[in-house]
Amino acid sequence: MTSTDPALARSLTRERAHHDACRAGLAAMVDGAEEQVVTGEDVSASGADAEVLGR
């Protein structure tokens, strides 16, 4: 950062913290969604249907 303005530095620090929190929240949502995905032979009547659902 080339500016020495303390207010700008504080603002950027808050903005970066907000972005970090957003990224962490999104990562948690993706992890949670991956836990809800069921694939395999037990999810349909035939192996072909299971393969399509697994994609």
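R23 and D20 both lie in helix α1, where a separation of 3 residues places them about one turn of the helix apart. In this predicted model, the two residues form a salt bridge, with the closest N and O atoms at a distance of 3.1 Å. The structure holds 1 salt bridge. Side chains of opposite charge can pair when their charged atoms come close. The two partners fall into separate accessibility classes: R23 counts as exposed, with a relative accessibility of 53%, whereas D20, at 48%, counts as partly exposed.

Helix α1 covers residues 6-36 and comprises 31 residues. From the first C-alpha to the last, α1 reaches 45 Å, which is close to the 45 Å expected at 1.5 Å a residue. The N-terminal end of α1 is capped by D5. The protein chain as a whole has 2 helices and 0 strands.

A nonpolar surface patch is made by L26, M29 and V30, with an area of about 300 Å². Of these residues, V30 lies in helix α1. The relative accessible area of V30 is 40%, and the residue is therefore classed as partly exposed.

For the protein chain, the accessible surface comes to about 4,800 Å². Carbon and sulfur atoms account for 56% of this surface. Buried residues make up 2% of the 55 residues in the chain. The residues described above include exposed R23, as well as D20 and V30, both partly exposed.

Conventions: Residues numbered from 1 in each chain as written. Predicted model: local features only at pLDDT ≥ 70, side-chain atom pairs only at ≥ 80, totals over all residues. Heavy atoms only, no water. Helix = DSSP H or I, 4+ residues; strand = E, 2+ residues; numbered from the N terminus. Buried < 20%, exposed > 50% of the residue type's maximum accessible area, 1.4 Å probe, protein only. Areas by Shrake-Rupley, 256 points an atom, 1.4 Å probe, with all protein chains shown as cover. Patch = residues over 30% accessible without salt bridge, like charges linked within 9 Å, V, L, I, M, F, W, Y side chains within 5 Å. Salt bridge = Lys/Arg side-chain N within 4 Å of Asp/Glu carboxyl O. Expected span 1.5 Å × (residues − 1). Polar contact = N/O pair within 3.5 Å; in protein donor to acceptor, adjacent residues only side chain to side chain.
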